[in-house]
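Visitor: I would like to learn how to read the features of a structure like this one. Could you take me through a few of them?

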Amino acid sequence: MSDSGSGNIIIRAIAEIEAQWQAGVDVNEEREIPCLIPAVETSDGAAFSSFDVEHVKTACENVYMAVRLPNDHFSPRYCKNDVLLLSDKFPNEGENALFLYNHRLYFRQFHISEKGYALNTINGRGTALRFRRMDSCRLIGTCMAVQ
């Protein structure tokens with residue numbers, strides 16, 4: 001079920017989890033969350049509109065969305081088919097997070113310096129992204145666990 005709208009798939013996934021919270025779903029019980037799956041394998045940054053969605057079960061607290069990795073691009077840290085559970089909290093120094101920049105999703109390690117902010121690659125593959133202000137890109141979620 002590919003979605004080609006500009007961000008419709010992510011908006012729908014977020015709306016779904018907010019509806020669960022409003023319905024009083026206990027966050028400590030196992031529940032289903034939307035999991036984005038890149039429809040095509042990419043080497044660095046996934047096209048914003050090329051995702052399928054499935055649901056995964058988790059009992060992990062404070063996560064609202066997941067991403068299944070389509071390849072071993074982030075090895076040795078993460079492997080093909082790992083499911084990264086994402087929280088909507090802003091990352092701390094050194095945490096890995098998923099960011100939207102120029103209509104592409106990037107999974108990067110967050111760093112702060114005197115010159116601004118850096119979204120460094122997880123394993124040296126790809127391009128580091130640098131910003132004076134973080135409003136140049138959008139946080140999708142911070143990686144809280146791997147399933």
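Guide: We shall look at confidence, then at one residue and its contacts, and then at aromatic rings.

Guide: This is a predicted model, in which local features need pLDDT of at least 70 and side-chain atom pairs count only at pLDDT 80 or more, while totals for chains, interfaces and linings use all residues. Residues are numbered from 1 along each chain as its sequence is written, and side-chain values use heavy atoms, with hydrogens and water left out.

Visitor: Which strand has the lowest mean pLDDT, and which the highest?

Guide: pLDDT is the predictor's confidence in each residue, from 0 to 100. The chain averages 82, and 76% of the residues score at least 70. Strand β2 (residues 46–47) has the lowest mean among the elements, 66, whereas strand β5 (residues 83–87) has the highest, 95; strands here are DSSP runs (E, at least two residues), numbered from the N terminus.

Visitor: With which side chain does the side chain of R68 make a polar contact?

Guide: A polar contact is a pair of N or O atoms within 3.5 Å; within protein, one must be able to donate a hydrogen and the other to accept it, and residues adjacent in sequence count only if both atoms are side-chain atoms. R68, which lies in strand β4 (residues 65–68), makes such a contact with the side chain of E54, at 2.4 Å.

Visitor: How are the rings of F110 and Y117 arranged?

Guide: A pair of aromatic rings is described by the distance of the centres and the angle of the planes. Rings of Phe, Tyr and Trp (its six-membered ring) pair if their centres lie within 6.5 Å, and planes under 30 degrees apart count as stacked, over 60 as edge-to-face and the rest as tilted. The whole structure holds 4 aromatic pairs. The centres of F110 and Y117 are 5.9 Å apart and their planes stand at 25°, so this pair is stacked. Together with F90, F110 and Y117 form one aromatic cluster.

Definitions and conventions. Helices (H or I, at least four residues) and strands (E, at least two) are DSSP runs, numbered from the N terminus.
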